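Welcome! Please take a moment to look over the sequence and the 3D view, and then we can walk through a few places together.

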Amino acid sequence: MIKYHNKLNRSIMLGMVSLVALSCSSQKDNINVPSGEHKIAIRAVHFLDGENTITVNSAGEGGVSDKLLASARAAGNSQISTALNAKVEAQLPIQSSHEFDYMVDMQTNAVSQDGSAGQSKASTKSAPTKRAADVAMNGNKKFRLIFIKDGSSTPIYNGVLTPGQDPELEVAANQKYKWYAISINDTNTAPDIDASGKISSTDLANKDFMFASGEITTQEDQNYLDILFLRQMSAIDVTVNTRGIFGKITGNSTFSVGSGSGSTFTNIIQTGDFNIYDASFSNFKDADPVKGSEMTVVDSRWGDAEKVARFYTANTSTTVAANNLKVKLNALSITLDDNTSRNFSSNTIVPISHSSSLSLTKGTLSKTNVRLIESGVNVKGLLWARTNLIYDANKLYGSSYTQGKSDAYRFRPNNQYAYANVNTEFWNFGTATPKGTDYQTVDECRRVYPEGTWRLPQELNSPHEITELSQNGNRSTSTTRVSDGYRHSMTWQTSQPANSAYPDNQLVLSYYGIRDANGNVQQQPSGSASGTGILLYRSNRYTSNNTSSSLYAEINNGSFGNTSVQEVAYNRGVTIRCVRNVVNN
């Protein structure tokens, strides 16, 4: 390479400017060039980005379903009524798997990249026309710049830069050069090429790979180089929401995206070797699943209970047939409120509904939300929650309850305890908090996230669900030694298959007594195997005498009595077991 002392040489200096600077006057756009040094400047480094999210044909031709729009507002922001005995409102359909229930929706981002295939020409104009979707590259992101003299295959420059940084590069005047720019939108590195001009598939696996290339012929006047990166991958965002199963996603959970009909699953997230000379991928192979530790928290209030994984695929010729997109939960583990872990079966597949085919076109972003809901236990067709309702003020996430933004109403991790918490588990009738006095106003179960999925057992009208349960003789009784005492329980047999993720697969209701008007728990039998006390579980029925109907049973010196329905005063604290408000498909 000829050094700078020859008068025919011209120095290339790369000075970065933002889009804001590009819109200023021509006097400010012009780069100050000392006499006799005819410099070439990189005027801007940007990338093409989309902004508008549209729904993928979820309601067929002509519009978007109300159910999907409600779901897209985070399954609770559509203001579902949580009032006592509120009308059942239309929900996004709840689907069932053996492990849990779920709600899903899907959106896509239609990014229209021009036909330049990632190429940008050198310009001698001082102020080029701005592209509406151009976004300036963040100043701390790395990109690799490669310069090759026309007719050669050996780079004269190959270095990693950030916007605003100049490379150490000198070239001859009036010569043609080809240049290539590579970025994975990362603050630490940008992948390199091998001797044949290829980027390894390993370096591009599940990366936001962006590429630009072009030619420049050095001129006697000022020369400018605009780098416009175009995304070479198709991206799919999968948001996994575990607020409805009352736990946080662990770092060793893993997720994949694929397609297939029925029970089949074929991975559609692939990487490949990229040739910078013809801007093409080859040697496709499946990318690894995304780990929970690699996902991004959606909202700091509930943290790891809602995280998004972005999947990038190099195989942009893939088309997924309608309703064939699937998310595989290769391994799902959550951390519960008591810091124990709940591990679900491996390779659970969640199908994603989309009524039109999905083309994984280069530069597009599709999005799907998977909201997991704790499965119930089925007693004669009615789905009961597995554990009692509690109130956790620390998960209110504000000074007052806001629909869709609170996890204060939730189910206990298990039934393995003898004493219910006097402050969080005994509820006055129809109140917003366990000891509240706003009687007969709120169905506390309907506030469990996602709101409207659960409700109080029906007793006010037919069917009388508490009465039917009390008359159901397919049950047994037991006294079990647990860590804090003796748990006295009544257990009804259920019809759904056993689920190893849960300690109980039947309806277990325990004898926890009652909280009196002074805040003291009475008739709690938990101190002895031969204890004496009562079982009480609230329904939605109320009377003009300021009482409500509850399931009732006694244990006397360890001997279990029959069940019945009895009236309990509004201001007495009673345990609650919710039932499913929405029937599964």
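## A buried serine

Ser 183 has a relative accessibility of 0%, so this residue counts as buried (buried means under 20% relative accessible area, exposed over 50%, and partly exposed in between, with a 1.4 Å probe and protein chains only). Ser 183 belongs to strand 11, which covers residues 176-183. Helices (H or I, at least four residues) and strands (E, at least two) are DSSP runs, numbered from the N terminus.

Which residues is Ser 183 in contact with, leaving aside its neighbours within four places in sequence? They are Met 137, Lys 142, Phe 143, Asp 208, Phe 209, Met 210 and Phe 229, where contact means heavy atoms within 4.5 Å. The side chain of Ser 183 also reaches the backbone nitrogen of Asn 185, at 2.9 Å.

Residues are numbered from 1 along each chain as its sequence is written, and side-chain values use heavy atoms, with hydrogens and water left out.

The average pLDDT of the protein chain is 83, and 80% of the residues score at least 70; pLDDT is the predictor's confidence in each residue, from 0 to 100. Over residues 1-39 the pLDDT stays under 50, and the model has 84 contacts beyond four places in sequence for them. Residues 51-78 also have a pLDDT below 50, with 57 contacts in the model beyond near neighbours in sequence. Where pLDDT is low, the predicted coordinates should not be read in detail.

## Strands side by side

Let us return to strand 11. It pairs with strand 13 in the antiparallel sense, over eight bridges (two strands pair if DSSP finds at least two bridges between them). Within this pairing, Tyr 177 has Ile 216 of strand 13 as its bridge partner. Strand 13 spans residues 210-217, and six of its eight residues are buried, so this strand is largely enclosed by the rest of the structure.

Elsewhere, three strands form an open sheet in the order 16-26-27, with antiparallel pairing. Its edge strands, strand 16 (248-249) and strand 27 (341-343), each pair on one side only. Strand 16 is joined to strand 26 (residues 333-335) by two bridges, and Lys 248 has Thr 335 in strand 26 as its bridge partner.

## One disulfide

How many disulfides are there? The count is one, taking a disulfide as a pair of cysteine sulfur atoms within 2.5 Å. Cys 445 and Cys 578 form this link, with 2.0 Å from S to S. Cys 445 sits in the loop between strand 34 (409-411) and strand 35 (454-455), and Cys 578 in the loop between strand 43 (559-569) and strand 44 (579-580), so the pair ties together parts that are 133 residues apart in sequence. The link is left-handed, with -85° about the S-S bond, and both cysteines are buried.

## A glutamine in a loop

Gln 458 lies in the loop between strand 35 and helix 5 (465-470). Is Gln 458 buried or exposed? It counts as buried, because its relative accessibility is 13%.

The side chains of Gln 458 and Asn 540 are joined by a polar contact of 2.6 Å. A polar contact is a pair of N or O atoms within 3.5 Å; within protein, one must be able to donate a hydrogen and the other to accept it, and residues adjacent in sequence count only if both atoms are side-chain atoms.
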